Amino acid sequence: MTIRYPNGKVYTPKPPISKAEKTEKEKDYSFSNRGKTLEDEIDEANAYYLNKRLAIIHKKPVPVQIVKVEYPSRSAAVIKEAYFRTPSTTDYNGVWNGYYVDFDAKETSSKTSFPLKNIHTHQMTHMQQVTEQLGVAFIIMRFSALERYFIVPYEVLQKAWSAMEKGERKSIPLTQIEQEAYEIQTSYYPRIDYLKVLQRFIESKN
């Protein structure tokens, strides 16, 4: 099946991880992580919050427009071509403690900075709109080589984005993130209990 972006470009999914690659990942990460992606870890945390009635936060579904279907038999239909209806905004949204929260998950293998090319213009626009409506917009950022996690508020991203548009650097140094963002300390379960850190961020704004 062919899936295309709104601009017509063909979507190419990431190939499945081989056994050798998975073994290598498990060597790089701690035993408790076992090669999970950042999204896996966030999904785990969200399930925990929902079960404990602490928050209702879900991954957003991606809208797809089906344009070509084949019917090899009367009882079967095969989707041959589809498009993403609109560019994605952010990965997650929901409600916690009276706050609307909206955020994306981003990873980098760099040990020194986060490349701004990992964020799209429409995502920045969306987070700005959320902030204007008094929602809480941010990115959960993972430095995979360092196994460090941060909540990076929209305001920090916007400052770096504006600097990039003026011709300055195209990444956010880790040293700046350490100073202006909020680090998430890993634990056993959920591995990234990000709501505790989000509470600190919100309290700093009030």
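Among contacts in the protein chain (heavy atoms within 4.5 Å) between residues at least 6 apart in sequence, 64% join residues at least 24 apart. The model is a predicted one, in which local features need pLDDT of at least 70 and side-chain atom pairs count only at pLDDT 80 or more, while totals for chains, interfaces and linings use all residues. Residues are numbered from 1 along each chain as its sequence is written, and side-chain values use heavy atoms, with hydrogens and water left out.

Now for the parts list. Of its 206 residues, 38% count as buried, where buried means under 20% relative accessible area, exposed over 50%, and partly exposed in between (1.4 Å probe, protein chains only).

Let's start with the sheet. Six strands form an open sheet in the order β2-β5-β6-β8-β9-β11, with mixed pairing; two strands pair if DSSP finds at least two bridges between them. At the edges stand β2 (56-59) and β11, each with a single partner strand, so one side of each has no neighbour in the sheet. From one strand to the next, the twist averages 25 degrees; for such angles, axes are lines fitted to C-alpha atoms (for helices, over the stretch in contact), and values run from 0 to 180 degrees between N-to-C directions. Within the sheet, β8 and β9 pair in the antiparallel sense over six bridges, and Phe 143 stands opposite Arg 148 in β9. Helix α4 (residues 154-165) packs on the sheet and touches β8 and β9, its direction making about 80 degrees with that of β9. Then there's α6, which lies across β2, β5, β6, β8, β9 and β11 and runs at about 165 degrees to β11.

Leu 198 touches Trp 96, Val 101, Val 136, Phe 138 and Ile 151, leaving aside residues up to four places away in sequence.

Gln 123 sits in helix α3 (residues 121-132) and counts as buried at 4% relative accessibility. A polar contact of 3.4 Å joins its side chain to that of Asp 104; the term covers a pair of N or O atoms within 3.5 Å, where within protein one must be able to donate a hydrogen and the other to accept it, and residues adjacent in sequence count only if both atoms are side-chain atoms.

Most residues other than glycine have a negative phi, and most peptide bonds are trans. Arg 53, in the loop between α2 and β2, has a positive phi near 60 degrees and is exposed, at 78% relative accessible area. Glu 147, in the loop between β8 and β9, has a positive phi near 55 degrees, but Glu 147 is buried at 19%. The peptide bond from Tyr 189 to Pro 190 is cis, with omega near -5 degrees, and Pro 190 is found in the loop between β11 and α6.

Technical notes. Helices (H or I, at least four residues) and strands (E, at least two) are DSSP runs, numbered from the N terminus.
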